[in-house]
Amino acid sequence: LFEQTKALPWEQIIPVDAEFPVSGKSVKSTLHSVPNCQSIVKKAIVNRLSAAYARRTHLPETGALYPIEVSILKDVVTLTIDTSGTSLFKRGYRTEKGGAPLKENMAAALVMLTNWFPDKPFYDPCCGSGTIPIEAALIGLNIAPGLNRSFAAEKWTFFDPKAFDTVRQEARKEIRTDVTLDILGADIDGSMIEIAKQNAIKAGVSEHIEFKQMQLKDFRTKKENGVLVANPPYGDRLLSEEQAQNIYRQMGQTYEPLETWSKYILTSDLSFEEHYGKQATKKRKLYNGAIRTDYFQFWGVRKRKPVSE
């Protein structure tokens with residue numbers, strides 16, 4: 001591992017002042033100690049760079065970030081450099097979050113699994129820090145995910161920095177300006193609503209979302225053909241099982257009159273339908289991080305607009 005890592009031309013990729021942390025994973029390999037493998041790879045790269053740059057002292061590691069990963073599967077080693085830096089699910093708009101935040105890409109997936117179109121009402125009754133409504137707005141406006149975040153590779157010496165600018169400009173041209181969105185995010189916690197508003201401002205979609213402090217049971221609307229997406233605090237997250245089940249009963253009673261609305265609710269409680277009071281049209285198994293959940297889908301009866309003669 002040391003010799004083959006050292007044999008690679010790292011000086012063609014990594015400058016003398018680069019910061020290059022090494023992470024790792026090992027599956028079904030005789031090299032099962034991940035910390036040892038990381039240390040060996042790090043030492044080999046340092047050895048190669050020190051010789052290439054004629055350094056007798058420690059490499060400074062004060063420059064651009066080049067995150068390296070050593071991945072071992074059945075004694076086959078793959079070395080990669082992470083172009084992103086921070087995880088790709090981080091869009092760059094969420095400065096603050098609640099106690100059990102939903103990852104941005106998970107929130108986007110929940111929206112995309114619905115039958116929502118940008119011309120229909122959208123409602124999240126437990127919006128927390130606003131991730132689901134914000135992702136719905138980004139989708140509705142066709143704003144590329146991560147458009148406003150930075151990537152580690154932007155500072156790499158062998159990348160043309162203009163390439164990132166070009167791609168961002170192309171993505172901005174695709175943003176829809178002809179769409180009027182009707183998105184409501186509500187939460188019982190007023191402090192979370194303020195956080196959601198700030199996150200929406202940073203995401204550039206604050207003008208397209210209404211955030212409101214409101215109890216779940218107080219929701220009333222005359223709008224039709226809407227889509228409701230909820231990630232309520234279930235037993236594994238923040239609330240006791242009994243408290244969570246009381247919320248499910250409130251949901252069933254509150255949303256029963258919304259016959260034209262489709263409701264999509266994520267929870268780890270497999271007995272959700274029993275408390276909600278209705279059998280789901282469809283269920284989809286999803287993993288919210290390590291938590292196994294079901295996405296309960298209750299499809300509404302769409303009311304068609306009369307055709308003008």
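I looked for aromatic pairs and the count came to 14. The model I worked from is a predicted one.

I opened the pair of Tyr66 and Trp156 and found it stacked. The ring centres are 4.8 Å apart, with 10° between the planes. I then checked where the two residues sit. Tyr66 is in the loop between helix H2 (34–52) and strand S2 (68–73), and Trp156 is in the loop between H4 and helix H5 (161–173), so the pair ties together parts that are 90 residues apart in sequence. I looked up accessibility as well, and both Tyr66 and Trp156 are buried.

I turned next to Phe272 and Phe298. This aromatic pair is tilted, at 6.3 Å centre to centre and 55° between the planes. Phe272 belongs to helix H8 (residues 272–276) and Phe298 to strand S10 (residues 291–298), so here the pair ties together parts 26 residues apart in sequence. I noted that Phe272 and Phe298 are both buried.

A cluster linked by ring pairs holds Tyr66, Trp156, Phe158, Phe159 and Phe164.

I also looked for charges over rings. The charged end of Lys42 sits over the ring of Phe20, at 3.8 Å from the ring centre. For Arg149, the charged end sits over the ring of Phe151, and the distance to the centre is 4.5 Å.

Then I went to a helix pair. Two packed helices are described by the angle between their axes and the distance between the axes. For helix H3 (residues 104–112) and helix H4 (residues 131–140) I wrote down an angle of about 65° and axes 8 Å apart. Their crossing is right-handed. I listed the residues that make the contact: H3 gives Glu104, Ala107, Ala108, Leu110, Val111 and Met112, while H4 gives Thr131, Ile132, Glu135, Ala136 and Ile139. I sorted the residues of this contact into 8 nonpolar, 1 polar and 2 charged.

My last entry is on Thr5, which lies in helix H1 (residues 2–6). Is Thr5 buried or exposed? Its relative accessible area is 3%, and the cut-off for buried is under 20%, so Thr5 is buried. I looked up what Thr5 touches, leaving out residues up to four places away in sequence, and found Trp10, Val41, Ala44, Ile45 and Leu79. For Leu79 I also took the C-alpha separation from Thr5, which is 8.4 Å, with the two residues 74 apart along the chain.

Technical notes: Residues numbered from 1 in each chain as written. Predicted model: local features only at pLDDT ≥ 70, side-chain atom pairs only at ≥ 80, totals over all residues. Heavy atoms only, no water. Axes fitted to C-alpha atoms, helices over the stretch in contact; angles between N-to-C directions. Helix = DSSP H or I, 4+ residues; strand = E, 2+ residues; numbered from the N terminus. Left-handed = near helix turned anticlockwise from the far one by under 90°. Contact = heavy atoms within 4.5 Å. Nonpolar A, V, L, I, M, F, W, Y, C, P; charged D, E, K, R; others polar. Phe/Tyr/Trp six-rings, centres within 6.5 Å; stacked < 30°, edge-to-face > 60°. Buried < 20%, exposed > 50% of the residue type's maximum accessible area, 1.4 Å probe, protein only. Lys NZ or Arg CZ within 6 Å of the ring centre and 35° of its normal.
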